[in-house]
Amino acid sequence: MLEIKNLHVDLEEEDKAILKGVNLTVEAGKVHAIMGPNGSGKSTLSYVLSGRGGYTVTEGSATLDGENLLEMEPEERAAAGLFLAFQYPVEIPGVGNMTFLRTAVNAQRKARGEKEISAADFLKLVREKAKALKIDADMLKRPVNVGFSGGEKKRNEILQMAMLEPRMCILDETDSGLDVDAMRLVADGVNALRDEGRGFLVITHYQRLLDHIVPDVVHIMSDGRIIRTGGPELALEVEKNGYADILTEVV
Amino acid sequence: MAAPQAKESAAPLARPLPEGGVWITAARKAAQARLAEMGLPQRRDEYWKFTKPDSLTAPEAPHAVLFQGEVPEVFGTVDRLRIVFVDGVFDAQASDDLALEAVRIERLADVAVQDIHWARDLYGTLEARGQDPVPRPLAALNTAQACDGVLIHVTGRASRPIHIVYVHKSETSDAILHHCIRLDEGAELTLLETGPAAARFNKVIEVDMAERATFHHLRIQGPDHERRAITHTFARLAREAVFKTFTLTANGVLTRNECVVEINGDDASAHVAGAAMGGGDFHHDDTVFVTHDALRGESRQVFKKVLGNGATGVFQGKILVKPGAQKTDGYQISQALLLDDDSQFLAKPELEIYADDVACSHGSTSGAIDEDALYYLRARGIPRPIATDLMVVSFLAEAVAEIADEGLRDEIIGHFEVWLERRHG
């Protein structure tokens, strides 16, 4: 479903290479995890795939179901089924969470030539999904992410994911800043969305999130490349010995 | 200020005064004398440095093409008393019966022929007081020339808002209206104003508030573009009076809204706010002067402008704290969201403080849209133009939050959002 081939990316401002030939394929129905030390390019990969400005692709390709992601605007990528759960969700004062969600759902429907969801159906749907994530009515009414705790922000990301029902979900360090309970809630939310037709790319520093969201494949990223790929046991190895051993091995 | 010499300013000054009864003739003559002394505003005047007064002082109103688009009804769900003016002329058929419990509503045109009226003590009085320390000649011109307007005397709690609707039907209309509002002790009134009014509109409102009176004022200007307006709101607050005014402006080739507030009683509060958006030759000027002359007064000025395609926003805001006005709490913020590099925001925030135990702050900023927030919205599938609109709504929110009544606030937000949507067709 998601195919990344030999992807090279520079950071525009510093004219510095961040990704140096990433190869990765995520199949439908599978959960892939990317682990790696700070500065290895994990977040950059998620930004480049979702269309954030400030990066230049110098080589390689990234496609979703055969469509070239890199030529699309961020909103087109979203409508094509790509979703990024942000590491740092942005606060938008003065715009209600519900307004934001409904605008997003309807914009994607419109882009796909589908009918807009009615206000009543939307309300019913959002309440149902929010309940599972323990998001109360007040949080839905408040401005987007304003005054939310770290855990609330991440749950709000998962709510957006649940409402938009993307085909390909990228989670960028969704576990950062979460306590155990909040992590379980988030993981439950993600697991509820796992199905045959949907792929996941879970970016994380730590193995602990992968206890809750059990991956099919684990990749280790370092210095802009994927240097090792294995099963869930690879994450346990990192947890036990750190990245040092793996990095030395490769060099 | 120098006597008027420019040829173009001669005509409005030489215009004969309208006929009327004893009380109004005295007020008009006094205003005419003030105006003659001040002269009309000139480009070289410091107070008109950022806004060219020429089209406001020219003998004839500049031609204004009527707005063709559909204007969504506003305050439609609010139970209110409507008073309609078409190009500055009262429309009795479209207006409601001018009867409201605890409120006396009269038309200036009706009572101007009388020799005596309660408005004698108010009409032109606050305008005259507002001429010092900065002259406001176009307000004096209004007092001298206005033939109609609404005189409202509130003795208790008005059961519903009064809504003045300004309809614009003539491309050359030149309207002058003057409203006076007196609120007795503890009286409460909400005044709504909407509509483009005329090709050129000069409006004055004088609001005189007794102790513990409350006045809420909500105004919507636009979205038609081809119009010019100079408005003045003068308010005087006695002890514990609460004055709140908010203006939403969409488009307009030239709008200058002046608000002059005198806090004369202790523990009184005045909030003046505005949210404006326009593009191209949009020129929007908020000029505010709040004087604290009593203990523990509170005032806020919150102004936000969204400017695109070379539009110009102006803010001149002043807080004057007179000697002895201790424990004054004054706040002022003016911000512009510039949608491109061609637009400009000209701000002149001023504090002048003669008391030593006060808390006054002011800030003024202009900046572009937050790209990170825009990316976040787009990453959820929201196309750039709609994401930009959401950022506009977000930017204006602080000013809109100044509207105390939740229902009216939602009306304003809803109206604005519909207007934004229709831009995209």
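1. Axes here are lines fitted to C-alpha atoms, for helices over the stretch in contact, and angles between N-to-C directions run from 0 to 180 degrees. In this predicted model, α3(A) and helix α6 (residues 150-164) of chain A pack at about 35 degrees, and their axes are 10 Å apart. The crossing of α3(A) and α6(A) is right-handed. On the α3(A) side the contact is made by A:Leu101, A:Ala104, A:Val105 and A:Gln108, and on the α6(A) side by A:Gln160, A:Met163 and A:Leu164. By class, these residues divide into five nonpolar, two polar and no charged.

2. Helix α3 of chain A covers residues 97-111. Its 15 residues, at 1.5 Å a residue, should span 21 Å, and the end C-alpha atoms are 21 Å apart, so the two values agree. The buried residues of α3(A) are A:Asn97, A:Phe100, A:Leu101, A:Thr103, A:Ala104, A:Val105, A:Ala107 and A:Gln108. Residues three or four places apart in an α-helix point the same way, because there are 3.6 residues a turn. Just after α3(A), A:Gly113 has a positive phi of about 75 degrees.

3. Chain A also holds an open sheet of four strands, ordered β2-β1-β4-β5, with antiparallel pairing. The edge strands are β2 (16-26) and β5 (67-68) of chain A, each of which pairs on one side only. Within the sheet, strand β1 (residues 2-11) and strand β4 (residues 55-64) of chain A pair in the antiparallel sense over eight bridges. A:His8 stands opposite A:Glu59 in β4(A). Helix α1 (residues 42-50) of chain A lies across β1, β2 and β4 of chain A, and runs at about 70 degrees to β4(A).

4. In chain B, 10 strands form an open sheet with mixed pairing, in the order β3-β4-β5-β7-β9-β11-β13-β15-β17-β19. At the edges stand β3 (99-100) and β19 (344-353) of chain B; each has a single partner strand, so one side of each is left without a neighbour in the sheet. Strands β7 (residues 174-183) and β9 (residues 200-209) of chain B run parallel and are joined by 10 bridges. B:Asp174 stands opposite B:Arg200 in β9(B).

5. Helix α6(B) packs on that sheet, where it touches β7, β9 and β11 (228-237) of chain B, and its direction makes about 90 degrees with that of β9(B). Eight of the nine residues of α6 (residues 137-145) of chain B are buried, so the helix is largely enclosed by the rest of the structure. The buried residues are B:Pro137, B:Leu138, B:Ala139, B:Ala140, B:Leu141, B:Asn142, B:Thr143 and B:Ala144.

6. B:Asp208 is found in strand β9 of chain B. Is B:Asp208 buried or exposed? The cut-off for buried is 20 or more other C-beta atoms within 10 Å; B:Asp208 has 24 within that distance, so B:Asp208 is buried. Leaving aside neighbours within four places in sequence, B:Asp208 is in contact with B:Leu122, B:Leu126, B:Arg182 and B:Arg236. From B:Asp208 to B:Ala294 the separation is 86 residues in sequence and 16 Å in space, C-alpha to C-alpha.

7. The contact between the chains takes 23 residues from chain A and 17 residues from chain B. On the side of chain B that touches chain A, the elements that give two or more residues are α7 (371-378) and α8 (384-400) of chain B. That side of chain B has 10 nonpolar, two polar and five charged residues.

Terms used. Residues are numbered from 1 along each chain as its sequence is written. Chains are lettered from A and ligands numbered from 1 in the order in which they are written. This is a predicted model: local features need pLDDT of at least 70, side-chain atom pairs count only at pLDDT 80 or more; totals for chains, interfaces and linings use all residues. Two residues are in contact if their C-beta atoms, placed from the backbone, lie within 7 Å. Ala, Val, Leu, Ile, Met, Phe, Trp, Tyr, Cys and Pro count as nonpolar, Asp, Glu, Lys and Arg as charged, and the others, Gly among them, as polar. The expected span of a helix is 1.5 Å times one less than its number of residues. A residue is buried if 20 or more other C-beta atoms lie within 10 Å of its own, exposed if 12 or fewer, and partly exposed in between; C-beta atoms are placed from the backbone. Two strands pair if DSSP finds at least two bridges between them. A crossing is left-handed if the near helix is turned anticlockwise from the far one by less than a right angle, and right-handed if clockwise.
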